[in-house]
Amino acid sequence: MPLILGFTVASIGITPPGLLNMTAAKLSVRDGRSKAMMFALGATLTVLFQTYLAVLFAKFIDRNPEIINLLQEIGLGIFVLLTIYFFTIANKPKKPEAELKMKSRTSRFFLGMLLSALNLFPIPYYVFVSVWLSRNGYFFFNQSYISLFVLGAVLGSFLVFYFYIVFFKKKENGKPSFLMNNINYIIGSITGLVSVVTLIKLINNHLG
C-alpha cells in the first residue's frame, strides 16, 4: 500500500510540464536518450532525499497539530503569490531559452541533481500529502511505511521522466504546442484553485 501511494503521489506531482521533465525531454531530443536518462537519474536521486526528509518532517508535524494551521496559512500566502506570478509572466513576451552546454553523461547526471535540488516544491508537497494520508488512516509513520513510500515516489518520478524522454517529439513546424503556450495560465489556475480550497479550510477551522 505505501509503495503504491508513493508511486501515485509522485506521478501526479511531477506529470505536469515543469523545469525537470521538460529539460529531460529537450535533452532527449537534442542530445539523445542516454544522456537524458542520466539527467533523469540525477534528478531522481535528489527526489529520494527530498521525499525522505519531507516525510520525516511530516512525522514531526503530525505529532504537533497546532503547526498544521500555521503551515496552511503560510501555504495560502505562497499559493496566492504564485498565482499572481504565473498570470503576470504569462502575459510577458517569451525570451529565447539559454542552451545548456554540457557534453558528458556525468555532467548531465549532476545537472539533474542540481536542478532537482533547486526545485523545492517536492518537500512541502510530500509533507502535506503525508500528513493528509496519515490523518485519513492510509499512511503510518513507521520505518517500513516510510521506506516503501519513498521507494514508490522514486519509481513514480523516474517513470514520468522516462515517458517525457521517450515520447516527447519536436513539432515539425517548430511551433510550440497549445499546452506550452498556455502553461503559465494553467499553472496559475491550479495554484489559484489550491488557494481557494486552502482559504475555505482555514475559515472552517476558525469557525469550527
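The questions and answers below concern a predicted model.

Q: Which element gives the most residues to the largest nonpolar core?
A: The largest nonpolar core has 20 residues, and those touching the most other members are Val55, Tyr126, Leu133, Phe139 and Phe149. Two or more residues of this core come from each of α1 (2-14), α3 (33-62), α6 (122-135) and α7 (143-167). The greatest contribution, six residues, is made by α6.

Q: Which of the residues that touch the most other core members are in contact with phenylalanine 149?
A: The residues that touch the most other members of the largest core are Val55, Tyr126, Leu133, Phe139 and Phe149 itself. Leaving aside neighbours within four places in sequence, the contacts of phenylalanine 149 include Pro2, Leu3, Thr51 and Ser130. Also among these contacts are Val55, Tyr126, Leu133 and Phe139.

Q: Are α1 and α6 roughly parallel, roughly perpendicular, roughly antiparallel or oblique to each other?
A: Leu5, Val9, Ala10, Ile12 and Gly13 in α1 meet Tyr125, Tyr126, Val129 and Leu133 in α6, and the crossing of these two helices is right-handed. Their axes come within 12 Å and cross at roughly 140 degrees. Because only angles over 145 degrees count as roughly antiparallel, and those from 65 to 115 as roughly perpendicular, α1 is described, relative to α6, as oblique.

Methods
Residues are numbered from 1 along each chain as its sequence is written. This is a predicted model: local features need pLDDT of at least 70, side-chain atom pairs count only at pLDDT 80 or more; totals for chains, interfaces and linings use all residues. Side-chain values use heavy atoms; hydrogens and water are left out. A nonpolar core is a set of buried Ala, Val, Leu, Ile, Met, Phe, Trp, Tyr and Cys residues joined through side-chain atoms within 4.5 Å. Buried means under 20% relative accessible area, exposed over 50%, partly exposed in between (1.4 Å probe, protein chains only). Helices (H or I, at least four residues) and strands (E, at least two) are DSSP runs, numbered from the N terminus. Contact means heavy atoms within 4.5 Å. Axes are lines fitted to C-alpha atoms, for helices over the stretch in contact, and angles run from 0 to 180 degrees between N-to-C directions. Angles under 35 degrees count as roughly parallel, over 145 as roughly antiparallel, 65 to 115 as roughly perpendicular and the rest as oblique. A crossing is left-handed if the near helix is turned anticlockwise from the far one by less than a right angle, and right-handed if clockwise.
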